[in-house]
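Please keep the structure open while I speak.

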Amino acid sequence: MDVILTSELKESFRAKVNEIVCRVRSGGPTSVGEMESVKRFSLNLGCSTDVRLTLYSSVVEETYLKSLASFYCAKRPGFKALGVVEYINQCVKAVKKEDVLARCFLIRSSYEQVSESVLRILIHEEKNYLLPFCKKCIDPSDGNDPFSSKKSLSALYDLLGGGEEESWMEDLLTETVSEYADRELKKTSDSSEASSILRILKKAQQTFEMTISGIFGHQPRLIRAVYDGIQANLAALEKPTATEDNAAKIAKRLAKYAAEEIKSMPIDELRRTNNWIAVIYRLCTRQDVFHLSYTRFLQERLLTNIFGTGKQSEIAVREESMLSSLLIKDKNFAFIFNCMRMLNDARRNDSKRAERVQELLVKPYILTAFAWGESRRSSDMGRSSVPFELQSVISHDIDAYSALQNGRKLLFSPEHSGARVRMSVSNKAASFSLLVSLLQMRYLLVMNKMSEWSADELCSQTRTSLEECKRALTPFVQTGLLQETAQHVFNLDPNILALQSGEEKMYDLRYIELGSQQSNPEKNSFFLRGEKSHVLSIEGAVMRLLKELGPLSLDVIISKVSASLGKLSVQRRDIKKVLEKLVEREYVERSEDNCFSFIP
């Protein structure tokens, strides 16, 4: 049977509870019997009917919480006078102390409310007091060591819930990351360039992820906050201008960086979904543009590896690792699937043996038409570009495939074919290893039988047009391997062989655009062909210049490199791109006043 207490009796109980709790909290002398009397009173009211629970809430719990609020509101100014670090320590002690006291005086259902009350008074209401300290610790701009305050920051985040719920710490981190990236972009002279944008965002992501992991451990909400800060910057930078689609430009450059990182990034990092390529890919808006560019670069890498001497198994593992990090559930399966089909095509054909045909080693690769962008190719297209020595081999393979696959047609693809050849002179020890298209190979084979290399004679011997001949030989002239001594008359430049030293490198001189349905004579720039031509000559000239003369401005470097490589038709943007790559590879350092110096 429930007992209805009078108002006077309730006030008497409240006063007694408040007096005992305040004495215990402030460290005054209290007997065990007094503490047990409050606990028994709480248990008696809290273990039966709704009426008793209501009495418990109004007489004991409410009194306890008012006493708690009054005590810590009075203590708060004294805690703040000790400094932020000590303030956080006092908050930790207060939470632990109230957790013990709640168990001494209250029933289980009140414990969480007590903890929330302490945190509200000491942490949430003092957000503006704690924010500057936290921001200063996690922002690396001022040269602060964030790990010097690791204990305090970690304890504070635990008080905020330790990542179980969203808190103002995530909002602070997002804002700090965004401001940091914005400041770093303003320091660069070419802040509108996609390469600079991605370099800064990469630095921001890696810097803050390392800081967060070192201080707080693995906290998904904080990592997500870092990405939100990067996304805020990226969204602003992707806004289109009157002349450019910045989002597409950034996506294309990101695909280019992905192609470079696959070669050098550790495999374990390639697999991680938080490697910087995968993170920015998920945040960028033009993923469709990234897919097209990445696919084209993947085709190029796979075809180049066919002619290379590297370990194919390691190459395949690297490609698979990057693709696994790029996978987004229910969003980009088609893109990943097509890339994996191309990778499996190349890997499946690796086991085949090369056959010797008239002193040439021939190894056919059968590729999936749809994945490689060849579904509309005519069966006769490109046959005129194939050397005579190979035409019988190709016809034999087509017929054999048709017989084996119940009449399915195998189409020949000059875009995805080529040859590895060595270019040398009889009285010179040095030589060049070249990767060329089949039409270029056809001209080279004819050149071996001719004393003078005129375009007219080459066209006559190969039954091709003058336009095809000039287009095929243009990369050789651009790189200085051939020089045009008279109109449409070519000769080997003997000086180019003298520049070759050390380990022999392979130069990709194919002029056909990968992923196209036909060759594209408009896209002959060596940078559009993957920067595989005389970019090495520019790198060498830049490095020699910086070693000899020390720090130089961009304009001075461009002027002197252009003068030293005048025959190569070097443009200003070519030198800027080479410098950017040297800075990324940490061979060259760029100062705040935009001067470049060699890193010994």
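Phe335 counts as buried at 7% relative accessibility, where buried means under 20% relative accessible area, exposed over 50% and partly exposed in between, computed with a 1.4 Å probe on protein chains only. This is a predicted model, in which local features need pLDDT of at least 70 and side-chain atom pairs count only at pLDDT 80 or more, while totals for chains, interfaces and linings use all residues. Residues are numbered from 1 along each chain as its sequence is written, and side-chain values use heavy atoms, with hydrogens and water left out.

The structure holds 11 aromatic pairs, a pair being rings of Phe, Tyr or Trp (its six-membered ring) with centres within 6.5 Å, called stacked if the planes are under 30 degrees apart, edge-to-face if over 60 and tilted for the rest. One of them joins Tyr294 and Phe335 edge-to-face, at 5.6 Å centre to centre and 80° between the planes. Because Tyr294 lies in helix α14 and Phe335 in helix α16, this pair ties together parts that are 41 residues apart in sequence; helices here are DSSP runs of H or I, at least four residues long, numbered from the N terminus.

Phe333 is exposed at 57%, whereas Phe337 is partly exposed at 40%.

Terms used:
Helices (H or I, at least four residues) and strands (E, at least two) are DSSP runs, numbered from the N terminus.
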